[in-house]
Amino acid sequence: MFVAVLLLLVTLSVQGGNCEKKAEAQRPGHVSVVIVGATGDLAKRYLWQGFFEQYVNQVSGGNTFSFYGGGLSPASTATPIFFEIVKAVSCSKETSPDRCAVLKEQFLRLAEYRQLKTLEDYQELAKNIEKELQQEGIPEAGRLFYLSVPAFAYADIADKINNSCRPASGAWLRVVLEKPFGHDFRSAQLLASQLGSSLKDEEMFRIDHYLGKQVVAKILPFRVENKKYLDPIWNKHHIERVEIVLKETLDVKGRIPFYDQYGVIRDMMQNHLTEVMTLLTMRLPVNMSSTEEVLQNKLQIFSNLLPIGKNQAVTGQYQAYKTSVQQEMNKTKDHVSLTPTFAAVLAHIDEAQYEGVPIILISGKMLDERVGYARILFKNNVFCLQNHNSVHCKPKQIVFHFGHGQLKYPAILVSKNLFKPVLKEGQWKEVTEHTDVDVLGLPISDYYVQTPSENREAYSELISQIFAGSKNSFISAENLLASWGLWTPLLSSLAGSFPRIYPGGADNGDMLDLRMKGKDISYSSEVVIIGADQMSGTSAKDFQVMQGKFRSAAMVSAWSEELVERLAADIQASAEAAVREGGVFHLALSGGSSPLALFHRLVLHHFSFPWRDTHVWMVDERCVPPTELESNFHSLHDHLLQHVRIPYFNIHPMPVQLNQRLCVEEDAGALLYEKEVRKLVNGSSFHFVLLGVGYDGHTASLFPNSKVSELGDRLAALTESPVKPHQRMSLTFSAINQARTVALLVMGKGKHELITQLSRMKDNPDKWPVTGVKPDDGKLVWYIDYDALLG
C-alpha cells in the first residue's frame, strides 16, 4: 500500500474555544485508522470527510497513515461501494482544484476495505498492519478504531480488538464509540462493564457530536473569559430561566425500527441537551485543560439536580408517526406506538446558586423550524413608563445559537443591555453587519454577536481531538451513568403514557405551548387527544384507588402513579400525627428501586412535610462504601435527602464501614445501630417502616433459608444475600414488627407471579421472609399496583 507522510499534531488548538492547550505528546510513527461500519450512513456523511480533513491538515509532516474500512460484507461486494464513498470527500474552498485532486488521489491510495466479521478477520487485519510496519521500517504511533455500528455489537468488537489488534508496547490504542450508550441506567451500566473487560477507560472515546459543535465547545471558555461580567449575575437573583431547545422539521421515516425503541428523550435529551445543561450550570474549573476537574464539576450538577418525574415532563407525537410505524415495522392498523417524538422537561438544581431557577429542555421532530440554541433569560428590574422600545426595557439575554434558524450560522449573542463580551483574536470574530432578522424576540442589531472565524463540522473537530488524545469533549463512564441515573426514573414513569398528538410543522399552532407552575410543567392549552380508552379500549383512569385485604392485612391498590401519591400522602399523615403527639417522627426506609418514585413524589409535591422533626433510618444496607452507586444510602441521599430540609443529625445511615473495612462481625456495626435505635426511638418502635419484596420473597435484607427467625430480640444484624454484594446489614423482624405502621410496596408486572403465590401460602418466614412481617401492636398495609396485582 502506498503510504503518504503526515505530521501528527503535537499540540491541539481546540476549535470553538479561545484557549489553546497542549495535547498529550504523540509518539512519532505509523498510525492505522480503522472504521468499522465503513459504508454506513454516518461514515458516508461525516466520518470519511472528517478523516480526510485530518489528513489534509497534516499532509506535510513526518508520520505515516493508513486507512481501513471494515464491515460485515465481503470485500468483493463492498469494495466498490466503499470507494464511491471515499471518492466523495471534498476539499476546503481555500484549496486549489489541482492541489485537491492530488490530495484525494493520495487519500484513496491510502485506503482499503476489509471484511471484519470474525476473530480471524481481525487477526488478519493485525497481520497486515504488522507487515506494513515492517515494510516501512518505522515505529508504530498508534491504532484508532472507530465503531460506527449498533451499540449491541460494541462488546464483541472490543473483545476482538483486545485479543488480536492491540499495538506493541509504547503505541496507543483509541476506540471510538457512538451513541446510544445503553437504553437506561442498567443497560448502560452493563455495557460499561462489558467494555471495561476489554478496554481501559483512557482507550475509550465516547462521542456526543454536540460537544464538537463550535458554539457548544465555546460555552465554558465564554464563561471564563467573561467571568467579571457573569459572576455577579449568574445566579437565582438575576436569571429568570434557562432554555435549551433543539427543534427539527424532519420526520423519522427510514429510522423507525431504531427510533421507536428510543424516542426523543433517549435520542436527544439524555445526551445532547443534558451535556449543554451541565456546561451552562457547572462550577467553572480552575484548570480548563483538566479533564478530571471538568468531569467532577459536571458530576456535582447531576448530584444536585432535583429528581425529574412525570409532572416535570410533557410528551407529544406527530400525527403521521403511527402510520410510519405500521408500514416500516409491518404492524397492523390497530397497533399504537407510545414513543414520543416531542418532549419538554422542567429541571431544577437544588443548590443556593440556582435555587428556584427553571431549566427547560425541549426537543422534537416535525416542528415549525430547524434550530438549536441555549438561552439564559435574565430578570429585568427596569420599568419604562413611556418609551417601551428603550433598550433598557427589552429582554436581557445571552443566546448560544448552535446553528440554522433565521440566523443561519452558529453564534453567541449578548443583548446590548447586559454587557459587551470579551473577544480574543483568533478563532472567533465579531459580526457588525447584519441582515434584518430577529432572534428570540430581539432584532439582531440589539445584540453583540460573535461567530467562529471558520465554520467547522462537529465530527471534524472531534476527530482532530481523538488524534491528539484529548478527552475533554468526550463522555466518561461516570458522566454517562450519572446522566442515565437522572433520566431513567422519568422514562419509567412515562411508560404507558399517551403522548399528545400534533399535526406537524406550522399546523401545530399553540398545541405545544407550555405552562410552568411551581416545579411542574404542562401544556398551556387543553386539546382533544386520542387517549388510552380510545386507543386500546380501556382507560387507565377508569381504575381508581381501591382498598381491600391481602393476606388478612389492609391493602391499597391503584395504578402506579396514583399508588405512589396515596403512599406519600399516608406517610405525611403519619408524620404529622406523630409530630403532634410527641414532637418527632421516626421513618425507616428500605433500599432498591421501588421507593424511588415515592422519594420523587415527596421531594416535588410535599413541601409541608415536617422534615425538621423527622428522623430517617435505614431498613437495610449493602456492605459497600456509602459513596458507591450500589449503596442504599447513596441512592436515598441522591433521590431524597439532599433535596429536603432535614437536619443532618436526623439522618441515620447504617454503619457498614468501620475501621476502614466493611461489615466485619468484630466491629459490631449492627450492635451500634441497635444501640442508636434504642437510644433515640421510644420503645424501639418506629412510626413508619417502608419495605419492598424481592422476587424470592425476601424483605429488607432478610433472605430465604437464612434462619431469620433465629435472630431473636436483636434489632439489627449482618445477613447474607444470594446475589452480590453478598454481605448486608438489616433491621430484624423484632425491629420491624415493633413499628406502628409497616408498609409493603410491590410494583410492576414482574411481581404478579410473586403476589399470586403469596396470596395462597401460609406463613413460613424461613422460606418466604416477607410472611414474617406481622406488627405486634401496629398495622400492616400492602401497597400493590395494578400491574403486580392483576398482571
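In this predicted model, F400 makes contacts that reach well beyond its own stretch of sequence: neighbours within four places aside, F400 touches V215, I219, F222, L280, G372, Y373, A374, I376, A411 and I412. F400 and L147 are the residues with the most contacts inside the largest nonpolar core, a set of 121 residues. Helix α9 (residues 256-281) supplies the largest share of this core, eleven residues. Apart from this core lies another, of 80 residues, including A578, L715, A743 and L789. In soluble globular proteins, nonpolar side chains tend to be buried together.

| Core | Number of residues | Residues named |
|---|---|---|
| Largest nonpolar core | 121 residues | L147 and F400, with the most contacts inside it |

Leaving out neighbours within four places in sequence, H272 is in contact with K179, D208, H209, Y210 and D267.

Helix α1 covers residues 41-57, which is 17 residues. At 1.5 Å a residue, helix α1 should span 24 Å, and its end C-alpha atoms are 24 Å apart, so the two values agree. L47 is itself among the buried residues of α1, together with L42, A43, W48, Q49, G50, F51, F52, Q54 and Y55.

Methods
Residues numbered from 1 in each chain as written. Predicted model: local features only at pLDDT ≥ 70, side-chain atom pairs only at ≥ 80, totals over all residues. Heavy atoms only, no water. Core = buried A, V, L, I, M, F, W, Y, C linked by side-chain atoms within 4.5 Å. Buried < 20%, exposed > 50% of the residue type's maximum accessible area, 1.4 Å probe, protein only. Helix = DSSP H or I, 4+ residues; strand = E, 2+ residues; numbered from the N terminus. Contact = heavy atoms within 4.5 Å. Expected span 1.5 Å × (residues − 1).
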